[in-house]
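Hello,

Here is the structure we spoke about handing over. Please open it beside this message and follow along.

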Amino acid sequence: MVVKIKEGVYWVGSVDWEVREFHGYETSKGSSYNSYIIKDEKNVLVDSAKHYMFEELIDGIKSVIDPKDIDYIVVNHAEKDHSGCIGKLVKLTGAKIITNEKGKEDLELQFNTEGWEFIIVDTGDEINIGKRTLKFIRTPMLHWPDNMVTYCIEDKILFSNDAFGQHVATSERFDYEVENIGELFEDAKEYFANILLPYKMLIPNTVNALKDLDIEYICPSHGVIWKEHIDEILNKYVEWSSEECKNKAVIAYSTMYNSTKKIAHAIGNGLSESGVEVKIYNISNTPMNTIMREILDAKYVLIGSPTLNSNVYPPVAMFLAYMEGLNPADGKIAAAFGSYGWMEIATDIIKKSFEKLNFKIVEDECLKCRFVPKEDYLKMCYEFGKKLSKIN
Ligand SMILES: Cc1cc2nc3c(=O)[nH]c(=O)nc-3n(C[C@H](O)[C@H](O)[C@H](O)COP(=O)(O)O)c2cc1C
């Protein structure tokens, strides 16, 4: 497939309607691997795709240029979803690879790069390709050490790689074609919360540096191209990296026989009656990335688990590991709850995760329930929800 962005600049990506998993990110909407061709005196391919998309990528390239005429392949990021076709492409085109020192190292550690020719760039470096000049800016740890972005000065296009992406497979290529722009921002938020969040402290400076560029298009490596909402998506990245949160509670639990579920709902009712926006999820049937999207800007995080074999329930353990790695903002108000039979363990394990994340833990007698919570017990949970809403 090919879509013209500007004269001489084309999207030649591949849409992956079927993909459902990316390193723990369950993408119910699929994704795309966005590659771009810049036709000039030197022809450039910006990023590639997963290895199994090679044929599709080549078909797209062929509709604008003979692949053998590609002079440079920019590798903004060496992860295999963008570099999986590079080996075959180098063989076919003989193109030189433009990347940074870290990108070269990461390519060499993942592929047989014998015979590949590299041009190494760093922040501020420029390469003239004819009528155009490409400028490179390192964005380390967004989300790997090698990440960089490529800015085409004359066309005012930022090829941002993973930054500003979304895991969605669409037939629309530009934000202005998307009917539900609110949903697109939710997709971008989910992507941010699950891929970029661990390094949120680096984002405001990086985004502010990008704001100095005159940008007409942001072309990410996944999802839809930003054209009409450039300031909004840049500002959202700064907002999502901040400690700011909404008067919102995320209650995520798992259960074997529904006791923990009952506690979750009773606390949720107390919170929502007090004006807090409440989102309740069963961890066992909700993608972890959906829950993380909501935790991103939530003031309250409540996690519940029954005790199973002197441990936390496995789906909850998996979620805790995932959440700890993503490292949401410090200071969220947190509570651990759950049902048990004879020796309560699960809430202590959950609280250890909260401690690692610098969440403020709130305790209450209703948070550990022996077997099935009865009516008056659930009333205590409801009252706890109300009390929690007053805590700042
Ligand atoms: C296989 C199994 C193992 C269990 N292990 C423990 C345990 O080690 N400690 C404990 O206090 N309760 C244990 N329980 C009891 C449960 O924690 C208890 O039934 C609880 O109410 C279940 O909560 P739920 O309805 O939210 O699943 C176990 C239950 C099952 C079925």
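Below is what turned up, going from the domains to the sheets, a helix pair and the ligand.

Keep in mind that this is a predicted model.

**Domains**

Where the two touch, 11 residues of domain 1 are in contact with 12 residues of domain 2. On the domain 1 side, β5 (25–26) and α5 (181–196) each supply at least two residues. The most comes from α5, with 4 residues. By class, this side of domain 1 has 5 nonpolar, 3 polar and 3 charged residues.

**The sheet of 7 strands**

Start with the open sheet of 7 strands. Its order is β1-β2-β7-β8-β9-β10-β11, and the pairing is mixed. Which strands stand at the edges? They are β1 (3–6) and β11 (118–120). Each has a single partner strand, so one side of each is left without a neighbour in the sheet. On average, neighbouring strands here are turned by 25 degrees against each other, direction ignored.

Strand β2 (residues 9–11) pairs with strand β7 (residues 36–38) in the antiparallel sense, over 3 bridges. To find the spot, go to W11, which stands opposite Y36 in β7.

**The sheet of 5 strands**

There is also an open sheet of 5 strands. The order is β12-β13-β14-β15-β16, again with mixed pairing. At its edges stand β12 (126–128) and β16 (217–220). Both have a single partner strand, so one side of each lacks a neighbour in the sheet. From one strand to the next, the twist averages 20 degrees.

N161 stands opposite P220 in β16.

**Strand β17 and its partners**

Now move to strand β17 (residues 246–253). How many bridges does β17 form with strand β19 (residues 298–304)? There are 6, and the two strands pair in the parallel sense. Along this pairing, I251 stands opposite L302 in β19.

β17 also pairs with strand β18 (residues 277–282), in the parallel sense and over 6 bridges. Here Y253 has N282 in β18 as its bridge partner.

**A helix pair**

Next, look at helix α10 (residues 314–326) and helix α11 (residues 346–356). Their axes come within 10 Å and cross at roughly 5 degrees. Angles under 35 degrees count as roughly parallel, so α10 is roughly parallel to α11. L320, M323 and E324 in α10 meet I350, S353 and K356 in α11. Sorted by class, this contact has 3 nonpolar, 1 polar and 2 charged residues.

**The ligand**

Last, the ligand. It is surrounded by 18 residues, and the closest are M256, Y257, T260, P306 and G341. Which elements give two or more residues to this shell? They are α8 (259–273), β20 (307–308) and β22 (333–340). The shell divides into 8 nonpolar, 9 polar and 1 charged residue.

That is the handover. Over to you.

Best wishes

Methods:
Residues are numbered from 1 along each chain as its sequence is written. This is a predicted model: local features need pLDDT of at least 70, side-chain atom pairs count only at pLDDT 80 or more; totals for chains, interfaces and linings use all residues. A residue is near a molecule or strand if its C-beta atom, placed from the backbone, lies within 6 Å of it. Ala, Val, Leu, Ile, Met, Phe, Trp, Tyr, Cys and Pro count as nonpolar, Asp, Glu, Lys and Arg as charged, and the others, Gly among them, as polar. Two strands pair if DSSP finds at least two bridges between them. Axes are lines fitted to C-alpha atoms, for helices over the stretch in contact, and angles run from 0 to 180 degrees between N-to-C directions. Angles under 35 degrees count as roughly parallel, over 145 as roughly antiparallel, 65 to 115 as roughly perpendicular and the rest as oblique. Two residues are in contact if their C-beta atoms, placed from the backbone, lie within 7 Å.
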